[in-house]
Every structure is written in C-alpha cells, then in structure tokens.
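Here are my notes on this structure, as numbered points. Please read them with the coordinates open.

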Amino acid sequence: MRAAVIEAPGTVSVVDVPDPAPGARQVIVDVAACGLCGTDLHILGGEFAPSLPVIPGHEFAGDVVGVGKEVTELAVGDRVAVDPTLSCHECHYCRAGRGNLCDRWAAIGVTVAGGAAEYALAPVANCVRLPDHVRTGDAALIEPLSCAIRGYDVLNGSLGANVLIYGSGTMGLMMLELAKRTGAARVDVLDVNPVRLVTARQLGVSEAAAHADELDRPQGWDIVIDASGSAAAIQDGLGRVAKGGTFLQFGVADYATTAVIEPYKIYNREITITGSMAVLHSYERAAALFAAGLLDPDVFISHRVPLEQYPRAIRDAAAGKGRKIVVEP
C-alpha cells in the first residue's frame, strides 16, 4: 500500500509499505480521510514521536475492510472514525481515570503507524461507527473536536463568561463553536492571519482582531484560551486574564517555548493557569455532537488532497494556509 512516512526530522515522502495485518482485537480501516494537524508538524520537526520513521495521521475515518479473529463488534463494510489514543490501562494515571496522561502514552499516527496511508490498523475499542447521514470524508474532524471538548472539560466554565481565543485555525474555531454553545456571553478571536479571521466572523464571533489592544476590554477576559502554540500569543494571553479568570494552554507549543508568569498577580487576582492534553473520555461525545451538526465540514475543511500530495500538504499546513487540510488516500 501507499503511505506517507516521516523518515527523519524535516523529511517526509510517500512510499510503498507492507499492507497491515490485524491482531485479534484489531480492524483494518480503508482510510477515506486523514486530517493534518499541528501535532503532525511537531512530529515532522522531531518532537512528540518517540522514534522515526513513522506513518503519521491521528485524525482519520474510513471503511472497515478486515477484522481480527476476536472482533465481533464491527464487520467488514462498517464506516468508522478512530480515536487514536493508546493507553496502557495499568499505570497510576490510567487507573486514576487519566489515560491521556498515561506513563506509556501512545497514539495511532504518533507512536505507531497512522492514517496517512491507504490502510490503517486500529483496536476495535477505538472505533466509533458512523451514522448514515455523516459523510466518511468529513469524519476526520471528530478527533480534533474531541480534543476541544477535553479542553472545555478542563475549563469547567460558568454561564455568561467572556472568552478570548488566540488563533483561528481549526482548533481555535472549534473552541469558538463550543464557547458559543456552552453559555459564553461573548467570544473574541485573535489571529495575525486576516484570512482566518474571515472564517471566525463567518461563524459568529463577537469581535475579531489581530491584537487584543484593538478590543476595548481593559478588565480582561474570564477565560483566555491559547489555540496557537505561539510564544508571543501565550505571553500576551497570560496578561489578559480577568480577576478570578482562567488561562487554558490548549495549543501545542514547541518544546523550547517559554513564557514568564507573575506569581504575585496569579495570587492577588486568583488566576488559574491550566492545560489540556489530547483526548480523555471525549471521543464518543465528539462523534455525537458532530453527528448532530455542531460543525459545518464545508467551513472547517478548506482543502482535500490526494495522498501523493502529502509532503506539499504538510508544508502548506506549516505555512498556515487554509483551515483543516484533509488527505484522501
């Protein structure tokens, strides 16, 4: 089969690799769509993946074309979206219900072969069957939505909150959609890319700007979310949190990224600084919300490209072109 392979930091190509064979509790998925994400850029840069080479692609959906000998829950022909999380279920964090913090954390498309290929393996327990009205080629959006839902689980926000989001790429826009539906009084979005702000306005943002100084809110925001991973955005956002407010680090920053905090301000203003890591008990909820029409795939997916164009697609993603780029093997 054909697959995109990140061979070494900065090097990716589409090559022939052996077809996968399912284990007893695995299925083979004929991949219909695989989304590109900021995590893929970090893997390409030599971060996240414990070792290279690896077939990337942790956001994918497709048709079941093979099942392991112990699989009874799915059959050939079923359409599924795949939760990429692979936890050990044995360590302290897994036993405490925090599998996203697993000491042996792994993920399809990050530590093992993923969906940027014609076929991918997945544990049957990680597969969610798609309802008839959901297009398989759109269902790659379910995984990033499940990450956004996990972010909102961490926030545990209150009704009537004022929310500021840094970054209007796919994840920032998903956080916008969730904020609108979880009782936010207003949601403002910042991005230095004016094209992306157009989409934020299309989705009904309160205000959109390149910098927070353009917005008249000297008291700050109750919830500030970084969905960019940018050091400048993170540093600025930490200073925009209102008294009693919360800053959520949701975007994936480079390992070397640092920010300065002011401990007295955190104490005196009772500011909470927290983070959100991947997926935790949120994939099935994301699938249900997606099926209910929470997101418009035609707005969120800006490019659909063939697998052979994966190297160019990931360069475009790194350059900030479009919104969600989806590879269709």
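1. Start with strand 8 (residues 119-123). Its covered face holds Ala-120 and Ala-122, while Tyr-119, Leu-121 and Pro-123 make up the uncovered one. In a regular strand, side chains alternate between the two faces of the sheet. Keep in mind throughout that this is a predicted model.

2. Strand 8 has a partner in strand 3 (residues 26-35). The two run antiparallel and are joined by five bridges. Val-27 stands opposite Ala-122 of strand 8, and Ala-122 belongs to the covered face.

3. Six strands take the order 12-11-10-13-14-15, with parallel pairing. Strand 12 (207-209) and strand 15 (272-275) are at the edges; each has a single partner strand, so one side of each lacks a neighbour in the sheet. From one strand to the next, the twist averages 15 degrees.

4. Inside that sheet, look at the pairing of strand 10 with strand 13. They run parallel, and four bridges join them. Leu-164 has Val-224 in strand 13 as its bridge partner.

5. Two helices lie across strands of this sheet. Helix 3 lies across strand 10, strand 13, strand 14 (241-249) and strand 15, at about 150 degrees to strand 14. Helix 6 (residues 231-238) lies across strand 10, strand 13, strand 14 and strand 15 as well, at about 155 degrees to strand 14.

6. Just after the helix, Asn-156 takes a positive phi of about 50 degrees.

7. Which residues have the most contacts inside the largest nonpolar core? They are Ile-142, Leu-145, Ile-165, Ile-225 and Phe-250, in a core of 49 residues. Several elements each supply at least two of its residues, among them helix 3, strand 10 (162-166), helix 4 (170-181), strand 13 (221-226) and helix 8 (283-291). Another core, of 40 residues, lies apart from it and includes Met-1, Ala-49, Leu-74 and Ile-314. In soluble globular proteins, nonpolar side chains tend to be buried together.

8. Take Ile-142 on its own. Beyond its neighbours within four places in sequence, Ile-142 is in contact with Ala-81, Leu-130, Tyr-283, Ala-286, Ala-287 and Phe-290.

9. On cysteines: a search of the whole structure finds zero disulfides. Cys-102 is in none, and the nearest cysteine sulfur, that of Cys-88, is 3.6 Å away. The cut-off for a disulfide is 2.5 Å between sulfur atoms. Cys-102 is buried, at 6% relative accessibility. Cys-127 is also in no disulfide; its nearest cysteine sulfur belongs to Cys-34, 14 Å away. Cys-127 is buried too, with a relative accessible area of 13%.

10. Last, Asp-316, found in helix 10 (residues 310-318). Is Asp-316 buried or exposed? Its relative accessibility is 19%, so it counts as buried; the cut-off is under 20%. Leaving out residues up to four places away in sequence, Asp-316 touches Lys-321 and Ile-325.

Conventions:
Residues are numbered from 1 along each chain as its sequence is written. This is a predicted model: local features need pLDDT of at least 70, side-chain atom pairs count only at pLDDT 80 or more; totals for chains, interfaces and linings use all residues. Side-chain values use heavy atoms; hydrogens and water are left out. A nonpolar core is a set of buried Ala, Val, Leu, Ile, Met, Phe, Trp, Tyr and Cys residues joined through side-chain atoms within 4.5 Å. Buried means under 20% relative accessible area, exposed over 50%, partly exposed in between (1.4 Å probe, protein chains only). Contact means heavy atoms within 4.5 Å. Two strands pair if DSSP finds at least two bridges between them. Axes are lines fitted to C-alpha atoms, for helices over the stretch in contact, and angles run from 0 to 180 degrees between N-to-C directions.
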